[in-house]
Amino acid sequence: MTSLPAKAGRRCHNAVNPLHSALYFAPDLARELAPYGIEDPSAVYFAGRAAALGRVGPGVVTATFHNFHHALVARHLPAVWELAAPETVLAARLRAADSMLRRLLGEEAVASKEMAEAAELALRAAEGCVRPGRPLYAALADLPVPEAPHLALWHGASLLREHRGDAHVAVLQHAGLDPMEALVSHTASGRGMSPKWALATRGWSRRDWEEAQERLRGRGLLDGDGELTEAGTALRKELEEETDRLDAAPYEHLGAAGTERLTELCGAFTGAALASGAFPADLFGKG
């Protein structure tokens, strides 16, 4: 039995995760990788997120990232490692996180006692994470913790984000949702990427999207207008609740008070990052 309030872990994840994921929408990572000849936005993303896994090929990344078209991944991997080794990318990624957080949050926030407290709490939560069955988390867990508090927080946010993400992939597999069906149903819930962004960044076509909609209609999860049915809404709710269950360990380890405080601190930092334009305005939604 959990000792945490309902959805406390999910609320904390929602506050912490943007501090990590903003890097993939910021110019900083592309700027750091450009001198090595890594300039295509997809190549920048795949290199930056996969570098902790080592010199992997497209199969590993397609499997672990889950919702990208394999052909898009194979277009850039393993070729990107000939331009910059994973160790080089990891160093560039940390420099990019530094410049991004300073730009989005400001020097005062970066140097604040709240930043140091948030970093300590995030890393303490990550002590409760587990490696088995979580390849992206496990790869990050083998990396050293940066000394600077804002980078330690970014690292902790990365650990917590991928720990939940690995669990969510397992839940999607158990529910029998393929990558496109997962994307389409998430977007239909109003909480996922807009079709424009999903198609532009994941390598799928409009036809792929429409075919996934038809498969979901065949399962009674989507209606004729592309909206979730009652069964579809219930399934998306079940997916999140099961992900919560599989991702409870770090927040149980941190405890209710620590989880609430981490949510409060990172919620404030995330709010400031959003106000500074951390994400495109049209990134999420059904349209």
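This is a predicted model: local features need pLDDT of at least 70, side-chain atom pairs count only at pLDDT 80 or more; totals for chains, interfaces and linings use all residues.
How do the axes of helix α11 (residues 149-175) and helix α15 (residues 230-246) cross, and within what distance do they come?

1. Residues are numbered from 1 along each chain as its sequence is written, and side-chain values use heavy atoms, with hydrogens and water left out.

2. The structure holds nine aromatic pairs, where rings of Phe, Tyr and Trp (its six-membered ring) pair if their centres lie within 6.5 Å, and planes under 30 degrees apart count as stacked, over 60 as edge-to-face and the rest as tilted. F25 and W197 form an edge-to-face pair, because their ring centres are 6.1 Å apart and their planes stand at 70 degrees. Since F25 lies in the loop between α1 (8-21) and α2 (27-33) and W197 in helix α13 (residues 195-202), this pair ties together parts that are 172 residues apart in sequence. Helices (H or I, at least four residues) and strands (E, at least two) are DSSP runs, numbered from the N terminus.

3. F25 has 27% relative accessibility and therefore counts as partly exposed; buried means under 20% relative accessible area, exposed over 50%, and partly exposed in between (1.4 Å probe, protein chains only).

4. The rings of F46 and F68 have their centres 5.2 Å apart and their planes at 70 degrees, so this pair is edge-to-face. F46 belongs to helix α3 (residues 41-50) and F68 to the loop between α4 (58-65) and α5 (70-76), and the pair links these distant parts of the chain, 22 residues apart. F46 is buried at 1% relative accessibility, and F68 is buried with a relative accessible area of 3%. One aromatic cluster is formed by Y24, Y45, F46, F65 and F68.

5. Helix α3 is largely enclosed by the rest of the structure, because nine of its ten residues are buried; among them are Y45, F46 and R49.

6. The axes of α11 and α15 come within 9 Å and cross at roughly 135 degrees, where axes are lines fitted to C-alpha atoms, for helices over the stretch in contact, and angles run from 0 to 180 degrees between N-to-C directions. That makes α11 oblique to α15, given that angles under 35 degrees count as roughly parallel, over 145 as roughly antiparallel, 65 to 115 as roughly perpendicular and the rest as oblique.
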